[in-house]
Amino acid sequence: MRRRLLHILKAYWPSMVVGAGIVYLSLFHATSLHVDISHPDKLGHWLAYLVWTICLTGDLHRDEVSFGWRAVWAVLFPIVFGGIIELLQTYCFPPRTGEWLDWYADASGVVLGFVLVDVFYRCPPDKFRIGSYAQFYLQSRNTMGYGVHSPYLFYIARTLIPETTPYYSFGDIEHARQQLLQRQDIVRVTDYGTGGGACQQTELPVGTIARKALKCPREAQLLFRLVNHLNAQMVVELGTSLGITTAYLAKPHAEAQIVTFEGSGALLGIAKQNWAKLGIHNITAVEGNIDETLPREAVRWQTVDVAFLDANHRKEATLRYFDILAAHAGEDSLFVVDDIRHSREMWEAWQAICEREDVTARFDLGSMGLVFFNRHLPKQTFKIRM
């Protein structure tokens with residue numbers, strides 16, 4: 001019995017501290033605390049029970065309690081506890097009075113806290129991503145270019161990144177995206193991003209692939225603006241998917257050469273259909289394992305003006321692809337590395353890229369990173385929210 005009690009105290013002390021604080025604040029006369037809490041009372045209830053439930057659910061997860069008992073102790077118990085507190089305020093601790101709206105606020109905070117923590121623990125691969133994005137939003141800001149002293153970089157930060165004005169071709173490409181999202185036909189997807197030269201094959205609806213794999217409109221349209229601003233004549237994309245991002249890369253300059261690599265023939269077939277509908281004819285698609293096709297195709301290139309890396313999300317593969325592309329980088333080249341916070345491996349790959357001697361300025365935009373090679377630019381990372 002004593003051992004069990006010590007275990008409970010050790011495992012659940014954060015929840016006990018927060019719970020005790022709620023009892024203290026709820027049952028003491030408000031004037032004795034020398035604060036006026038009448039106006040934000042409902043928000044205070046919601047926040048208090050949200051924090052308590054987050055602590056309690058986390059403690060239960062770490063103690064490896066089953067889902068059913070987690071629901072009892074982290075949802076049912078706090079909600080009932082909140083109701084008892086309201087009754088005690090009404091009948092035992094005058095002039096404090098209980099209100100049903102307070103109890104509703106307690107219950108909503110409990111449910112939200114439980115869902116947030118339970119989803120977090122059910123998705124272990126996303127823990128790093130959540131923490132990394134949280135750190136990014138704490139450390140970054142939308143500077144609108146302030147603090148960026150290079151005129152070249154200032155224009156990109158001040159004008160291109162925050163710009164939302166639609167170009168002539170955006171509507172057609174987004175219409176193609178919407179058509180893909182509505183498709184329910186099944187395709188067999190070949191994925192070489194598992195390492196070791198092996199591939200995996202899965203069958204998925206086209207609409208599901210479109211929702212999970214396509215870049216969001218704002219990020220894809222930023223790629224369009226970057227290609228347009230740089231007047232890029234040679235653009236390389238690793239990871240075609242359904243071809244929507246490729247279309248954004250190809251639309252700025254009809255005379256530019258776009259080379260895109262995709263491991264899945266089924267996805268590439270759909271992408272080619274989209275390009276035909278959009279009237280895009282300057283794209284060269286290379287099908288197959290990028291480990292094999294990229295080195296073979298790269299020997300034909302001179303300068304790569306823009307490269308977009310969105311293929312194998314492993315550190316070793318990403319760095320190897322970057323090495324091959326960087327051999328063809330010019331002083332004005334711009335490389336974009338996607339999903340830099342997708343996993344710890346991708347974050348480590350991004351850090352290694354930032355430390356390369358041939359890389360100068362970097363823009364960390366949260367989900368993707370921009371890499372510059374111009375030796376006149378500062379060797380510095382700028383964290384900017386889109």
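**Helices, a pocket and cavities**

Modeller: Gladly. Keep in mind that this is a predicted model. The largest pocket has a volume of about 1200 Å³.

Colleague: How many residues line the largest pocket, and which lie nearest its centre?

Modeller: The lining has 38 residues. D191, A213, D310, A311 and H313 are the ones nearest the centre.

Colleague: Which helices and strands each supply at least two residues of that lining?

Modeller: The strands are β1 (186–191), β2 (200–205) and β4 (257–262). The helices are α8 (206–213) and α12 (290–298). Helix α8 gives the most, with 5 residues.

Colleague: How does the lining of the largest pocket divide by class?

Modeller: It has 16 polar residues, 11 nonpolar and 11 charged.

Colleague: How much space lies in the largest cavity, and which residues line it?

Modeller: The largest cavity holds about 60 Å³ of space. Its lining is L238, L309, D310, A311, N312, H313, T318, Y321, D338 and M346. Those residues divide into 5 nonpolar, 3 polar and 2 charged. Look back at the pocket: D310, A311 and H313 are among the residues nearest its centre, and they line the largest cavity too.

Colleague: What is the volume of the second largest cavity, and which residues line it?

Modeller: The second largest cavity has a volume of about 50 Å³. A213, L214, K215, E237, G239, T240, S241, T245, F308 and D310 form its lining. By class, that makes 3 nonpolar, 4 polar and 3 charged residues.

Colleague: Let us turn to helices. At what angle do α2 and α3 pack?

Modeller: Start with the axes. Helix α2 (residues 41–62) and helix α3 (residues 67–91) pack at an angle of about 150°, and their axes are 9 Å apart. Angles over 145 degrees count as roughly antiparallel, so α2 and α3 are roughly antiparallel to each other. The crossing of α2 past α3 is right-handed.

Colleague: Which residues meet where α2 contacts α3?

Modeller: From α2 come H45, Y49, W52, T53, L56, T57, L60 and H61. From α3 come R70, W73, A74, F77, P78, F81, G82, I85 and E86. This contact divides into 10 nonpolar, 5 polar and 2 charged residues.

Colleague: And α1 with α3: are they roughly parallel or roughly antiparallel?

Modeller: The axes of α1 (residues 2–27) and α3 come within 10 Å and cross at roughly 25°. That makes α1 roughly parallel to α3. The crossing is right-handed. I22, V23, S26 and L27 in α1 meet F81, I85, L88 and Q89 in α3. That contact has 6 nonpolar residues, 2 polar and no charged. F81 and I85 also meet α2.

Colleague: At roughly what angle do α7 and α11 cross?

Modeller: Helix α7 (residues 170–182) and helix α11 (residues 265–278) cross at roughly 140°, and their axes come within 10 Å. Helix α7 passes α11 in a right-handed crossing. D172, I173, Q179 and L180 in α7 meet I270, N274, K277 and L278 in α11. By class, the contact has 4 nonpolar, 2 polar and 2 charged residues.

Methods:
Residues numbered from 1 in each chain as written. Predicted model: local features only at pLDDT ≥ 70, side-chain atom pairs only at ≥ 80, totals over all residues. Heavy atoms only, no water. Axes fitted to C-alpha atoms, helices over the stretch in contact; angles between N-to-C directions. Helix = DSSP H or I, 4+ residues; strand = E, 2+ residues; numbered from the N terminus. Parallel < 35°, antiparallel > 145°, perpendicular 65-115°, else oblique. Left-handed = near helix turned anticlockwise from the far one by under 90°. Contact = heavy atoms within 4.5 Å. Nonpolar A, V, L, I, M, F, W, Y, C, P; charged D, E, K, R; others polar. 1 Å grid on protein atoms, 1.4 Å probe; cavity = no way out; pocket = protein on both sides within 12 Å on 5 of 7 lines; lining within 4 Å. Points joined across faces, edges and corners; volume = space filled by probe spheres on them.
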